[in-house]
Amino acid sequence: MIPQKNRFSEANDWDEPDEEVYRVLSKGEMTALQLSNAVKHPPLSPWRILAAQVVLTVLSMVVWSIFGEPVGVSLYTQSAFLGGLISVLPSTLFLIRLELAKKTQILNPGNYLAALVSGEFIKIVVTLMLFLGVAFLIPGVHWVPLLVTYVLALKCVWLAWLWR
């Protein structure tokens, strides 16, 4: 059966929709638009999020220190520290890679994208190496505090929504 046009529709419904007309902004208009958006949505420093990860790691260590046999620095606290370290160290390396890319003489979108991808690759490799290192080299590590602190530190990015 060949599909037929709805008999209740108008002929214009089947035509191509009208193309949207884009207005080209002048340099002054673009600068004014960028400034108004900068006031509405100020940029958030990634180093601030990294600092929040460190603070959350310390808070998690304090909470997990309650569960240890001697209250204080116990294996639970050390495991929470390792979980925070596995989150914070790769993020720090990633941010350093991006900062180095910003300071190069030839900064174009392609170079910055390459720095972003290579930084993310470094972050993934270092995270895997740290997890494997903890698994094979540190005996008796408690995985629950390690993984809980790791996930909490990763989710610090969500706090950025509250800071805006």
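Which helices each supply at least two residues of the nonpolar patch? The legends below take up this point and then visit other parts of this predicted model.

**Figure 1. The protein chain as a whole is helical, with six helices and zero strands.** Read from the N terminus on, the elements run α-α-α-α-α-α. The protein chain has 164 residues, and 24% of them count as buried. If you look at contacts between residues at least 6 apart in sequence, 68% join residues at least 24 apart.

**Figure 2. A nonpolar patch lies on the surface.** Here is the reply to the opening question: α3 (75–102) and α4 (109–137) each supply at least two residues of the patch. Helix α3 gives the most, with six residues. The members are Trp47, Phe81, Leu85, Leu89, Leu93, Ile96, Leu100, Phe121, Ile122, Val125 and Met129, and together they have about 950 Å² of accessible area. One of them, Ile122, lies in helix α4. With a relative accessibility of 32%, Ile122 counts as partly exposed. As a general background, nonpolar side chains in soluble globular proteins tend to be buried together.

**Figure 3. The largest nonpolar core has seven residues in all.** Zoom in on Leu82, Ile86, Phe131, Val134, Val141, Leu146 and Tyr150, which make up this core. Helices α3, α4 and α5 (143–154) are the elements that give two or more residues to it. A second, separate core has five residues, among them Val88, Phe94, Leu95 and Leu98. Apart from its neighbours within four places in sequence, Val134 is in contact with Leu82, Ile86, Val141, Trp143 and Leu146.

**Figure 4. Ser91 is a buried residue of helix α3.** Is Ser91 buried or exposed? Ser91 is buried because its relative accessible area is 8%, and the cut-off for buried is under 20%. Not counting residues up to four places away in sequence, Ser91 touches Leu50, Gln53 and Lys123.

Figure 5. Once its neighbours within four places in sequence are left aside, Leu75 is in contact with Gly140 and His142. Leu75 has a relative accessible area of 33%, so this residue is partly exposed.

**Figure 6. Lys102 and Glu99 form a salt bridge.** The count of salt bridges comes to one, and in this view the two side chains meet at 3.7 Å, N to O. Where do Lys102 and Glu99 lie? Both are in helix α3, three residues apart, which is about one turn of the helix. Lys102 counts as partly exposed at 43% relative accessibility. Glu99 is partly exposed too, with a relative accessibility of 24%.

Technical notes
Residues numbered from 1 in each chain as written. Predicted model: local features only at pLDDT ≥ 70, side-chain atom pairs only at ≥ 80, totals over all residues. Heavy atoms only, no water. Patch = residues over 30% accessible without salt bridge, like charges linked within 9 Å, V, L, I, M, F, W, Y side chains within 5 Å. Areas by Shrake-Rupley, 256 points an atom, 1.4 Å probe, with all protein chains shown as cover. Salt bridge = Lys/Arg side-chain N within 4 Å of Asp/Glu carboxyl O. Helix = DSSP H or I, 4+ residues; strand = E, 2+ residues; numbered from the N terminus. Buried < 20%, exposed > 50% of the residue type's maximum accessible area, 1.4 Å probe, protein only. Contact = heavy atoms within 4.5 Å. Core = buried A, V, L, I, M, F, W, Y, C linked by side-chain atoms within 4.5 Å.
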